[in-house]
Amino acid sequence: MKVTFEQREEELVLHTEGRIDTYTAEDFEKELLAGIERADCVRLDFENVQYVSSAGLRALLNGQKKVNNEDKEMILCNVNSTVEEVFESTGFIDILMVE
């Protein structure tokens, strides 16, 4: 799993690659929370994310809680059908903002 940051005018984009699973979720969450500290709007580009496990869902949930508490915004974009199915089957599609 790899995360890179790109600062755009009014948002910070986190480009994420690989799998967000038991082995990588902790690092992903650290990067996500650091990004949320830096910007009012964080966009997660999931174009190159192949899989999200329950550990990855927990990291996303913790990020969503943080943006909710701080009146910020977290948007997921370019989510493939496999990851979207995980979000739908777990109910996360109703918790997260997915474009």
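## Burial classes

A residue is called buried when its relative accessible area is under 20%, exposed when over 50%, and partly exposed in between. This is a predicted model. At 32% relative accessibility, E70 falls in the partly exposed class.

## Helices α1 and α2

Helix α1 covers residues 25–38, and helix α2 covers residues 54–69. Their axes come within 9 Å and cross at roughly 15 degrees. Angles under 35 degrees count as roughly parallel, so α1 is roughly parallel to α2. The crossing of α1 past α2 is right-handed.

On the α1 side, the contact uses A25, F28, E29, L32, L33, I36 and E37. On the α2 side, it uses A55, G56, A59, L60, N62, G63, K66 and V67. Sorted by class, the contact has nine nonpolar, three polar and three charged residues.

## Inside α2

α2 has 16 residues. From first C-alpha to last, α2 reaches 22 Å, close to the 22 Å expected at 1.5 Å a residue.

Which residues of α2 are buried? They are A55, G56, L57, A59, L60, G63, Q64, K66 and V67. An α-helix has 3.6 residues a turn, so residues three or four places apart point the same way. The buried residues of α2 pack against helices α1 and α3 (81–90). They also pack against strands β2 (12–20), β3 (41–52), β4 (73–77) and β5 (97–98).

## The loops on either side of α2

S53 lies in the loop between β3 and α2. Is S53 buried or exposed? Its relative accessible area is 9%, so S53 is buried. Not counting residues up to four places away in sequence, S53 touches I20, D21 and T22.

The loop between α2 and β4 holds E70 and D71. E70 touches I36 and E37, with residues up to four places away in sequence not counted. I36 and E37 are also among the α1 residues that meet α2. E70 and I36 are 34 residues apart along the chain, and their C-alpha atoms are separated by 9.2 Å. D71 has a relative accessible area of 72%, so D71 is exposed.

## Positive phi at D71 and N78

Most residues other than glycine have a negative phi. D71 is not a glycine, yet its phi is positive, about 55 degrees. N78 is not a glycine either, and N78 also has a positive phi of about 55 degrees.

Where is N78 found? N78 sits in the loop between β4 and α3. At 42% relative accessibility, N78 counts as partly exposed. D71, in the loop between α2 and β4, is exposed.

## I93, between α3 and β5

I93 is in the loop between α3 and β5. Its relative accessibility is 26%, so I93 counts as partly exposed. Leaving aside neighbours within four places in sequence, I93 is in contact with E84, F87, E88 and V98. I93 and R58 are 35 residues apart in sequence. In space, I93 and R58 are 14 Å apart, C-alpha to C-alpha.

How values were computed
Residues numbered from 1 in each chain as written. Predicted model: local features only at pLDDT ≥ 70, side-chain atom pairs only at ≥ 80, totals over all residues. Heavy atoms only, no water. Axes fitted to C-alpha atoms, helices over the stretch in contact; angles between N-to-C directions. Helix = DSSP H or I, 4+ residues; strand = E, 2+ residues; numbered from the N terminus. Parallel < 35°, antiparallel > 145°, perpendicular 65-115°, else oblique. Left-handed = near helix turned anticlockwise from the far one by under 90°. Contact = heavy atoms within 4.5 Å. Nonpolar A, V, L, I, M, F, W, Y, C, P; charged D, E, K, R; others polar. Expected span 1.5 Å × (residues − 1). Buried < 20%, exposed > 50% of the residue type's maximum accessible area, 1.4 Å probe, protein only.
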